[in-house]
Structures are given as structure tokens and as C-alpha cells.
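Which side chains in this structure meet in salt bridges, and which aromatic rings pair with one another? The paragraphs below take up these two kinds of contact in turn.

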Amino acid sequence: CGVKALLELEQYVRQHLHLHQLYAVTAIDNAIGLKTFQKAGYESGTTLKEWVSLPNGAYQDAVVWQRKL
């Protein structure tokens with residue numbers, strides 16, 4: 001499960017890398033990614049306009065997620 005993987009990653013970076021927070025970026029239409037970060041306790045921040053390049057040459061917005069550890 002994606003949430004479980006995120007929680008394991010958080011534990012590792014706290015214990016071994018001593019990080020204070022994590023960031024992630026997901027495409028605005030990535031429903032599974034958006035739901036996973038939300039369930040894991042990440043807060044959505046800014047929307048990056050036309051951030052993701054699509055194969056057809058168009059661009060798509062993306063969401064920045066943040067989790068303070």
C-alpha cells in the first residue's frame with residue numbers, strides 16, 4: 001500500500017537522515033497519488049501551473065504536498 005510505504009520512508013528519514021519535513025509533487029489528475037498523500041497526512045500546498053509535460057506536448061498542473069515530521 002502506498003500509505004504504508006510513505007510511513008516507512010518517513011521513519012527512515014527521521015532516524016537516519018534527520019530530516020524535518022518531506023515534499024512531494026503529483027500531477028493534478030493523479031487521483032491515486034493525491035489520495036495516498038492525503039491519507040498519509042500530507043498537506044496540499046501550492047498548485048504549480050503547467051508543471052507536468054505530457055506526451056502530446058501539452059502541460060498539466062501539479063500539486064505540492066508537505067509533511068512535517
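Arginine 67 and glutamate 10 bring their side chains together in a salt bridge, with a distance of 3.3 Å from N to O; the term stands for a side-chain nitrogen of Lys or Arg within 4 Å of a carboxyl oxygen of Asp or Glu. This pair links distant parts of the chain, since arginine 67 belongs to strand 3 (residues 59-68) and glutamate 10 to helix 1 (residues 2-17), 57 residues apart. Helices (H or I, at least four residues) and strands (E, at least two) are DSSP runs, numbered from the N terminus. The model is a predicted one, in which local features need pLDDT of at least 70 and side-chain atom pairs count only at pLDDT 80 or more, while totals for chains, interfaces and linings use all residues. Residues are numbered from 1 along each chain as its sequence is written, and side-chain values use heavy atoms, with hydrogens and water left out.

The two partners of this bridge can also be described by their accessibility, where buried means under 20% relative accessible area, exposed over 50%, and partly exposed in between (1.4 Å probe, protein chains only). Glutamate 10, with a relative accessible area of 2%, is buried, whereas arginine 67, at 24%, is partly exposed.

A search of the whole structure finds two salt bridges, and lysine 49 forms one of them with aspartate 61, the closest N and O atoms lying 3.7 Å apart. Because lysine 49 lies in strand 2 (residues 43-53) and aspartate 61 in strand 3, the pair ties together parts that are 12 residues apart in sequence. Lysine 49 counts as exposed at 61% relative accessibility, while aspartate 61, at 22%, counts as partly exposed.

We now turn to the aromatic rings. Rings of Phe, Tyr and Trp (its six-membered ring) pair if their centres lie within 6.5 Å, and planes under 30 degrees apart count as stacked, over 60 as edge-to-face and the rest as tilted. By this rule there are two aromatic pairs. The rings of phenylalanine 37 and tyrosine 42 have centres 5.1 Å apart and planes at 75°, and the pair is therefore edge-to-face. Tyrosine 42 is buried at 6% relative accessibility, and phenylalanine 37 is buried with a relative accessible area of 13%.

Phenylalanine 37 also forms a stacked pair with tryptophan 65, at 6.1 Å centre to centre and with 20° between the planes. Since phenylalanine 37 lies in helix 2 (residues 31-39) and tryptophan 65 in strand 3, this pair ties together parts that are 28 residues apart in sequence. Tryptophan 65 is buried, as is phenylalanine 37, and Phe37, Tyr42 and Trp65 form one aromatic cluster.
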